[in-house]
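Thanks for making the time this morning. I would like to walk you through one model, going from the chain as a whole down to a few individual residues.

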Amino acid sequence: MLSFSPQPPTRLQRLYRATWGRVFAALYDRFLAGAEAGKLGRLRAGVVGDATGVVLDIGAGTGINLQHLAEDAQIIMAEPDPHMASRLAARAAALGRDVDLVLAPGEQLPLDDGSVDHVLCTLVLCTVSDPAATLREAHRVLRPGGTLHLLEHVRSEVERTAKIQDRFRAPWSAMACGCQANRETEALLVPAGFSDINLEHLTLSGCGPMLSSMIVGRATKAP
Ligand SMILES: C[S@@+](CC[C@H](N)C(=O)[O-])C[C@H]1O[C@@H](n2cnc3c(N)ncnc32)[C@H](O)[C@@H]1O
């Protein structure tokens, strides 16, 4: 495991992590189990399954993407939360997958420029502190011609749903470890340097208004 600490967490962040953050990590797979067995799992498999070579998963959580990644992929998983990271390490061991686990946020990746073939962002750009900076980092570490794979909760295109997302953003974020499901993530891709953007907007039924609106697809770092 590679360790990297850009800045120490504040006292409040430490308290949140040690209490609800720990519980959230313990329950995360159970929260998602139903959706993963259905459409969400199929979307994941489709969007990350063709990543080969050096693959970086940003905010990898408990490592759910591992089961969909090619056997010969060289996997780096960046995850700043220690409770998520320890579950990720346990999952990798149980699956017999060799993973370089980096305790780092997406905004400051301790990786060289152009060192990665594919970057995965699944359900994470809604949670990082700075999605624009995270996408710039993803672009920096990708090799020219490398691919960004996205599966993200985003602001709904249905105005009524978007208003609910806006209204409940703060309490939802406090409950869901920072998730801000009303972000307009697609608009950040071109400013971060990506091109050849190929995204589908879709609705995930049964998830409620906060999480039902998603984008799935890919973007490229120009060759
Ligand atoms: C909703 S979970 C998604 C986990 C995983 N990507 C998945 O698809 O199941 C969001 C993850 O982002 C992580 N996270 C929070 N802040 C982050 C940051 N600044 N950079 C990278 N990951 C972050 C959280 O610890 C959590 O593991």
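Predicted model: local features only at pLDDT ≥ 70, side-chain atom pairs only at ≥ 80, totals over all residues.

Residues are numbered from 1 along each chain as its sequence is written.

The protein chain has 6 helices and 8 strands, where helices (H or I, at least four residues) and strands (E, at least two) are DSSP runs numbered from the N terminus. Read from the N terminus, the order of elements is β-α-α-β-β-α-β-β-α-β-α-α-β-β. Along the principal axes, the C-alpha atoms fill a box of roughly 40 × 40 × 35 Å.

Of the 223 residues, 39% are buried, and here buried means 20 or more other C-beta atoms within 10 Å of the residue's own, exposed means 12 or fewer, and partly exposed lies in between, with C-beta atoms placed from the backbone. Among the contacts with a separation of 6 or more, 68% join residues 24 or more positions apart, a contact being two C-beta atoms, placed from the backbone, within 7 Å.

Now to the helix pair. The axes of helix 1 (residues 11-37) and helix 2 (residues 39-48) come within 3 Å and cross at roughly 75°; these axes are lines fitted to C-alpha atoms over the stretch in contact, with angles from 0 to 180 degrees between N-to-C directions. Helix 1 is therefore roughly perpendicular to helix 2, a label that covers 65 to 115 degrees. Leu 32, Ala 35, Glu 36 and Ala 37 make the contact from helix 1, and Lys 39, Leu 40 and Gly 41 from helix 2.

Which elements do the buried residues of helix 4 pack against? They pack against strand 2 (54-58), strand 5 (116-122), strand 6 (142-153), strand 7 and strand 8 (213-221). The buried residues of helix 4 (residues 131-141) include Leu 135, His 139 and Val 141.

Turning to the ligand, 19 residues surround it, and Gly 59, Gly 61, Asp 81, Pro 105 and Thr 122 are the closest, where a residue counts as near if its C-beta atom, placed from the backbone, lies within 6 Å.

Finally, the loops. Leu 123, in the loop between strand 5 and helix 4, has a positive phi of about 55° although it is not a glycine, and Leu 123 is buried because 20 other C-beta atoms lie within 10 Å. Cys 177, in the loop between helix 6 and strand 7, also has a positive phi of about 55° without being a glycine, but Cys 177 is partly exposed, with 19 other C-beta atoms within 10 Å. Gly 193 lies in the loop between helix 6 (169-175) and strand 7 (194-203). Gly 193 counts as partly exposed, with 15 C-beta neighbours inside 10 Å, and, leaving aside neighbours within four places in sequence, Gly 193 is in contact with His 139 and Lys 221.

Note on methods. Parallel < 35°, antiparallel > 145°, perpendicular 65-115°, else oblique.
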